[in-house]
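Let's take a walk through this protein together. Have the sequence and the model open side by side as you read.

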Amino acid sequence: MKFVASIMLIGMILSAPSLALAMSSMPAGTSEMSLVGKTAYDATLPTALGQQKSLSQAREGKKAVLFFWATWCPHCRDGITRMNKNLDAITAKGIKIVLVSIGETKEDVAAYLKYNHVPLDSFLDEDNVLQGPYDLVGVPTLVFVDEKGVIREVRHDFPDDYERFFAVK
């Protein structure tokens, strides 16, 4: 029995470097990559401005970046600041920014947007209903949806050029 346990231990020690190498070569957000090429999930949610509408209505048949965020997230706050500064250039390229706050109240989100002079409304996903359909593992998450409603990319950073993510892969 000790012999078998010793052989198993040696096998595990010898295979660890290959396992680590294999895991390091996996793309980040592998589960999210399975969303690419699929139709974006649609839901009707309230917004910070008190409306009820669907994500597809907000996209208006245009290319859109669904930006899943939270007011407490420093990377999200930085991303919103950057998007806000570049909003005219982004919209001039026919790209809609659709904010979706995750797990926060209308009051908190509305106050944040007003205080920071963000001219966009935000969906309120207080109950995290979009977490499963969009494989959300954290914020920020940016989902690039084309004009046909097909997901083209999922990212957790804020690129300088959003257009390149709408190219058909």
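Which residues have the most contacts inside the largest nonpolar core? In this predicted model, they are V65, F67, W69 and Y162, within a core of 25 residues. Two or more residues each come from strand 3 (63-69), helix 4 (74-85), helix 5 (87-92), strand 4 (95-102), helix 6 (106-115) and strand 6 (141-145). There is also a second, separate core of 20 residues, which includes L35, L45, A64 and V100.

Now settle on F67 for a moment. Beyond its sequence neighbours within four places, F67 is in contact with a list of residues that includes C76, I80 and M83, as well as V98, L142 and F158. Its bridge partner in strand 4 is L99, and strands 3 and 4 run parallel, joined by 7 bridges.

Those two strands belong to an open sheet of 5 strands, ordered 5-4-3-6-7 with mixed pairing. Strand 5 and strand 7 (151-155) form the edges, each pairing on one side only. From one strand to the next, the twist averages 20°. Helix 4 packs on this sheet, where it touches strands 3, 4 and 6, and its direction makes about 150° with that of strand 3.

Helix 6 lies across strands 3, 4 and 5, running at about 155° to strand 5. Its buried residues are V109, Y112 and L113. They sit on the same side of helix 6 because they cover an arc of only 95° around the axis. Their cover includes strand 3, helix 4, strand 4 and strand 5 (122-125). The face turned away from that buried side carries the exposed residues E107, K114 and Y115. After helix 6 comes H117, with a positive phi near 55°.

Notes. Residues are numbered from 1 along each chain as its sequence is written. This is a predicted model: local features need pLDDT of at least 70, side-chain atom pairs count only at pLDDT 80 or more; totals for chains, interfaces and linings use all residues. Side-chain values use heavy atoms; hydrogens and water are left out. A nonpolar core is a set of buried Ala, Val, Leu, Ile, Met, Phe, Trp, Tyr and Cys residues joined through side-chain atoms within 4.5 Å. Buried means under 20% relative accessible area, exposed over 50%, partly exposed in between (1.4 Å probe, protein chains only). Helices (H or I, at least four residues) and strands (E, at least two) are DSSP runs, numbered from the N terminus. Contact means heavy atoms within 4.5 Å. The arc is that of the directions from the helix axis to the C-beta atoms. Two strands pair if DSSP finds at least two bridges between them. Axes are lines fitted to C-alpha atoms, for helices over the stretch in contact, and angles run from 0 to 180 degrees between N-to-C directions.
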